[in-house]
Amino acid sequence: MDRIPSVDLKDFISGDPKRKQQFVDDIGSAYEDIGFVALKGHFLGDSLVDSLYGQVKNFFDLPVDVKKSYEIPGIGGQRGYVSFGKESAKGKKEGDLKEFWHFGQYVEDDEKRRKEYPENVSVNELAEFNKVGKETYQMLEKTAKYVLRALALYLNLEETYFDNYIHNGNSILRPIHYPPITQEPKNAVRAAAHGDINLITLLMGAQGRGLQVQRNDGEWIDAIAEPDELMINVGDMLSRHSNNKLKSTIHRVINPPRELWGTSRYSMPFFMHPISEMKLDVLDSCIDEDNPKQFEDITAGEFLNERLIELGLIKK
């Protein structure tokens, strides 16, 4: 496979059983093979996307001391600003060449759950930043819900199997800025090779070259979406839960060619997480003689904490 398969969510929600089943088959087989799809028919309108990019650029253009005033100690970078080079991929000493922001869950119907999460951070200098971020978060969450419904059917589960696990889940929208490269990086890239922690990731901003996905044979291929597409991949939680039937594929963001070092890159991944007590135990339907159970039982909250320590965002 030399390119990422493309699917259209409108097929799944069309009301036509044949189109719906074709979507389930197509996205499921893509996730078994390469772990990524490009998705059309999502719930993000063009005007919202344009507004988000404008607001995100305005934030990252703020002076460094202003941005750092929104870096909240003691919460592992779960909300607000994370400064340049602070995060590294699992097993890497070098920090990635990026800075980013985190919008988290907007809990409105569960006081206990609301207290579990850090509060979202408001940017005083930009009146629309938080409003546009919240709207984008909710449209991506809605899109992710339908993708997971399709995957539930593919895994022979009830269609709404994931719904209660993702309602008020610990999901994160992460606008990322990869600043211009000013000198030869020493073993550092914009985002080193890694797998995602969560159930699925929905990525805005994969329209240009940079994102690469590693095939089963070890070769890297470019993952480039059309302007109206999101790139969506399986994370480690869903891979575990499905006994690696659905693949969490290693991917990276490479540095641009030298003639483009002076340019910024922006991308916006939405990391779909469940509630912390969801059990990621391997599904019975994904175990057989040829595919014995590969993973120990663990909850989503325990697994997330382990990985944040590995990433250097939480200290032991």
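Trainee: Which residues are buried in helix 3?

Mentor: This is a predicted model. Buried here means under 20% relative accessible area. In helix 3, Leu-48, Val-49, Leu-52, Gln-55, Val-56, Phe-59 and Phe-60 are buried. Seen down the helix axis, these buried residues fall within an arc of 135°, so they line one face of helix 3. Asp-46, Ser-47 and Asp-50, on the other side of helix 3, are exposed.

Trainee: Which residues are buried in helix 9?

Mentor: Ala-300, Phe-303, Leu-304, Arg-307 and Leu-308 are buried in helix 9, residues 300-310. They cover an arc of only 130° around the axis, which puts them on the same side of helix 9. Helix 8, residues 236-241, is included in what covers the buried residues of helix 9. Just after helix 9, Gly-312 takes a positive phi of about 85°.

Trainee: Which members of the largest nonpolar core touch the most other members?

Mentor: A nonpolar core joins buried nonpolar residues through side-chain atoms within 4.5 Å. The largest one has 69 residues, of which Phe-59, Trp-101, Leu-148, Leu-151, Ile-200, Ile-232 and Leu-238 touch the most other members. Helix 6, residues 129-154, gives the most to this core, with twelve residues. There is also a second, separate core of 16 residues, with Ala-38, Phe-100, Tyr-178 and Leu-211 among them.

Trainee: What is Leu-238 in contact with, leaving aside neighbours within four places in sequence?

Mentor: With that exclusion, Leu-238 is in contact with Leu-148, Leu-151, Phe-162, Asn-198, Leu-199, Ile-200 and Leu-246.

Trainee: Now the strands. How many of the residues of strand 13 are buried?

Mentor: For a strand, check each face in turn. Eight of the eight residues of strand 13, residues 265-272, are buried, so this strand is largely enclosed by the rest of the structure. One side carries Arg-265, Ser-267, Pro-269 and Phe-271, the other Tyr-266, Met-268, Phe-270 and Met-272, and both faces are covered.

Trainee: Which strands pair with strand 13, including strand 8?

Mentor: Pairing requires at least two bridges between two strands. Strand 8, residues 200-204, runs antiparallel to strand 13 and is joined to it by five bridges, with Met-204 opposite Met-268. Strand 6, residues 176-178, is also antiparallel to strand 13, over three bridges; there His-177 has Tyr-266 as its bridge partner. Strand 5 pairs with strand 13 in the antiparallel sense over two bridges, and Ile-172 is partnered with Phe-271.

Trainee: Which way do the residues of strand 4 point?

Mentor: Glu-99 and Trp-101 point one way from strand 4, residues 99-102, while Phe-100 and His-102 point the other way, and all are buried. Strand 3, residues 80-82, is joined to strand 4 by three bridges in an antiparallel arrangement, and Gly-80 stands opposite His-102. Strand 4 and strand 6 also run antiparallel, joined by two bridges, where the bridge partner of Glu-99 is His-177.

Trainee: Where is Ser-171 placed?

Mentor: For a loop residue, look at burial, then at contacts. Ser-171 sits in the loop between helix 7 and strand 5, and is buried, with a relative accessible area of 0%. A polar atom of the Ser-171 side chain lies 2.9 Å from the backbone nitrogen of His-273. Not counting residues up to four places away in sequence, Ser-171 touches several residues, including Phe-103, Tyr-137, Phe-271 and His-273.

Trainee: What share of the 316 residues in the chain is buried?

Mentor: Buried residues make up 52% of them. The chain has nine helices and 13 strands. Of the contacts with a separation of 6 or more, 78% are between residues 24 or more positions apart.

Note on methods. Residues numbered from 1 in each chain as written. Predicted model: local features only at pLDDT ≥ 70, side-chain atom pairs only at ≥ 80, totals over all residues. Heavy atoms only, no water. Buried < 20%, exposed > 50% of the residue type's maximum accessible area, 1.4 Å probe, protein only. Helix = DSSP H or I, 4+ residues; strand = E, 2+ residues; numbered from the N terminus. Arc of directions from axis to C-beta. Polar contact = N/O pair within 3.5 Å; in protein donor to acceptor, adjacent residues only side chain to side chain. Contact = heavy atoms within 4.5 Å.
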